[in-house]
Amino acid sequence: MAGPTDALAKNSSAPPRLELRGVTKRFPGVLANDNVSLTVKPGEVHALLGENGAGKSTLVKMIYGILAPDAGEVLWNGQPVKIPNPRAARKLGVGMVFQHFSLFEALTVLENIALGLDSKASQRELEAEIRRVLDLYGLKLDPKRIVSTLSVGERQRIEIVRALLLNPSLLIMDEPTSVLTPQEVEQLFETLRKLAAGGCSILYISHKLHEIIALCDVATILRGGKFVAECDPKKETSKSMAELMIGANLKEIARPAGRAFGEEKFAARGLSLAKHGDFGVALRDISFSVRAGEILGVAGVAGNGQNEFMESLSGETLAATPDAIVMAGAPIGRFGPTERRARGLCAVPEERNGHAAVGDFTLAENGELTARRRMGFMQGGLINASRASAYADKVIKTFAVKALGPRSTAGSLSGGNLQKFIMGREILQEPTALVVSQPTWGVDAGAAGAIRQAIVDLAGRGCAVIVVSQDLDELLEFCDSLVVINLGSLSRVMKVGEVSIEEIGLLMGGVHGDPEATVVMTEHLHAHPI
Amino acid sequence: MRIRFEKRREPSKLMQAVTPVVAVLLTMVIGAVIFEAIGYDGPRAVKEIFFTPITASYKWPDVARRAAPLILIALGLCMGNRAKVWNIGAEGQYIVGALAGAGVAYFTENLQGPWIIPLMVLAGIAGGALWAAIPAFLKTRYRVNEILSSLMLVYVALQLLNYLVTGPWKDPNGHNFPQSAPFTQWQSLPKMLWGTPFPPGLFIAFLLSVVFWIVMSRSEFGLGVRVVGEAPKAAKYAGYDADDMIWRTLLISGGMAGLAGVLEAATQGGQLNLGFPSGYGFTAIIVSFLGRLHPLGAVVAGIVLAITYVGGQVAQTVVHVPNATAGIFQAMMLFLILASDVLVRRRIRIVRPQPSAQPAVQVAGSAM
């Protein structure tokens, strides 16, 4: 990308917009940031790159005044400053768009923005101001819409507008694209480029390397809380940056070429589910089939029925008829999770804490949750504690889970380690079919690779695998076939390698939230099935 | 300098064991101060309430007789509270359990045989469970809050007792007193068993506490109770139906309260009268929490609460404290045990303000 940005970014006579010198932050038991230095020039799009737990969030929280550094200096336009709270940060000209939005679903866009402002302005003035900002950056958003009717991309625009209203000279974006479709990502990048051209510096946090190459002028790479390197992403490859990020050579997923699939192991036929609650999604006539050894990816933007889909496959929600879900030829639609598990269907829901595992329970007890019958813990009607403990120990050892042992509580494990334990708990049960949601969510790259490899190996042993994920790259990396879930409906099954990202993006609902465009798109898709 | 509560990585096992003891000790200290302040001999009152029932062996039968129903009811409540199914109406189930037992007695007045007592006990369990089935039905069918429905049914049970002992079941030879006919020898249990100062109910309570312990810690159902209270979504994922757990925990806790009621009537009362309701069903809530919702903890906590009942009476006669004294101490114990729970999950840290080393421009806006 060459743009007006470069002229400003290379203007070295002006002091840097933001400079961190030797910033250190310590939490009980962890050194989150160790002597980190960073320089952001005016009008520069600066990437902050690192794995989960590398210290990116801690660093920007100190810039935004949420945390105070234990040591080190923060300089703003060349002046040393202390930023005691976010209000002070905003006053300096620092804006931040968080990964998780804080919006009231039942209020309008305008009301949500008004609630987040430090100063009081009249509704009318505020609306005019919002429209001015929207126009200036070519953002599409209706201030009068109720938030619950908006897509995730539109919700993010609210947060961006909220930050832009303060005329920031540094905008921090924390993992902004994790919930966007490819088309929405492109729109976001347009906005950010315009902002940078106007002189606003952008600190862009991400671990998606191709985005950083497309968008950023400079990248600072953190690993384990320490500064590793500053580089020009245009001169690096995704692989070279990833290796800097992980500090090791990337392992490719090993999968035998030209694998043959066996017979159908798991299928849904016309599965429908009524909408539950105000913000639930109805499932509509879902049909698909997975063969032994096949990995089917389910792509889609969050909130399009993935949770409902998962729960009706795992048995937490029962189907209307037995033959809506078929496993190894047997109708199981009316069976609950225990009976489905007994027949060889294992599932891993998206949420680790409080759904797939219980934080206050030991790992052995968490093993009892799903493995008690399949792995033969039951003895004379009681759960044999030593067998449960031995199984948990086996999972810990096989999957290299960093835990003291089966008696550690699940809550004491890091997210990645707990995810490895949960995946291992299901995989070692040698299921006939495995349904997983977000298998590597919030897991560092090393662990994510191990989890994907374990899934591929399981499929290699003849298991039918269904992976629900919002991370399209992940799905394309290791799935055999792909479907897209949008507004509770599944697209047709596509073969990975034969389908383009643009097509998937369209199916994911690049126009989701805009009813008129949705109708047009739906008609288009029906007329020209991909 | 500030005091901060920091979240622990794991709930502290030590604190879990220590906080009930701390709560009891703090209750003694605060109680002594309060009673001293309002003009009684505070330390003496505490001594009479907490220590005399232990040191004076002639008080032991009295302690044992009160501990038995408290432990029995609390065992059921431990299970319910673990599942976060809040049965506040054990008192009502206790009364209905006793009424069901008395009903069997009413119809077997002229019969003899060792089968009558077991039948009464079974009827008592069934009566308590039936009374708890009402909140279970309302909760699972209409999502009615079980705290309210179970509590309100206590007052219905009281009226039922009132009606029966003043009406249909009134003792014809009772000089018009509101009481049932005295139980016959075939309808009664001994007040002390096997030469010990302990009533049969206490032995049953000890036995059942072990059964409950095994069920809670090792059975599939016990796992479900623990998961459903801790993480309802995980329970569903693990194959437990929330409504099913509501039914089972309420029926079990109701059945245990009914068992306590019928044993109390058959052992101590020898008949039913308006003085039968004792508040054990409410006090057992305190027992369950003081015992950390653990069946064996409930045994210890049941004895502690029984001591305060007996000691409260001693203190009334010796130190002339009011009738409500034991209740005040019991309530204080519940409050302190719940409040000290914060230490299980958090640790206290004293934070000193850090001296700022570098001269820095203070950004406008309030400093922390």
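Let me begin with Arg292(B), which follows helix α12(B) and has a positive phi, near 60°. Before going further, the conventions: this is a predicted model, in which local features need pLDDT of at least 70 and side-chain atom pairs count only at pLDDT 80 or more, while totals for chains, interfaces and linings use all residues. Residues are numbered from 1 along each chain as its sequence is written, and chains are lettered from A, and ligands numbered from 1, in the order in which they are written.

Helices (H or I, at least four residues) and strands (E, at least two) are DSSP runs, numbered from the N terminus.

Four bridges join β16(A) to the parallel strand β19(A), residues 433-437; strands pair if DSSP finds at least two bridges between them. Ala347(A) has Val435(A) as its bridge partner.

How do the chains meet? In chain B, 25 residues are in contact with 35 residues of chain A, contact meaning C-beta atoms, placed from the backbone, within 7 Å. The elements giving two or more residues to this side of chain B are α9 (220-230), α10 (232-237) and β3 (361-362).

Finally, Val465(A) is in contact with Ile295(A), Leu296(A), Leu434(A), Ile455(A), Leu458(A) and Ala459(A), leaving aside neighbours within four places in sequence. Thank you.

Key:
Contact = placed C-beta atoms within 7 Å.
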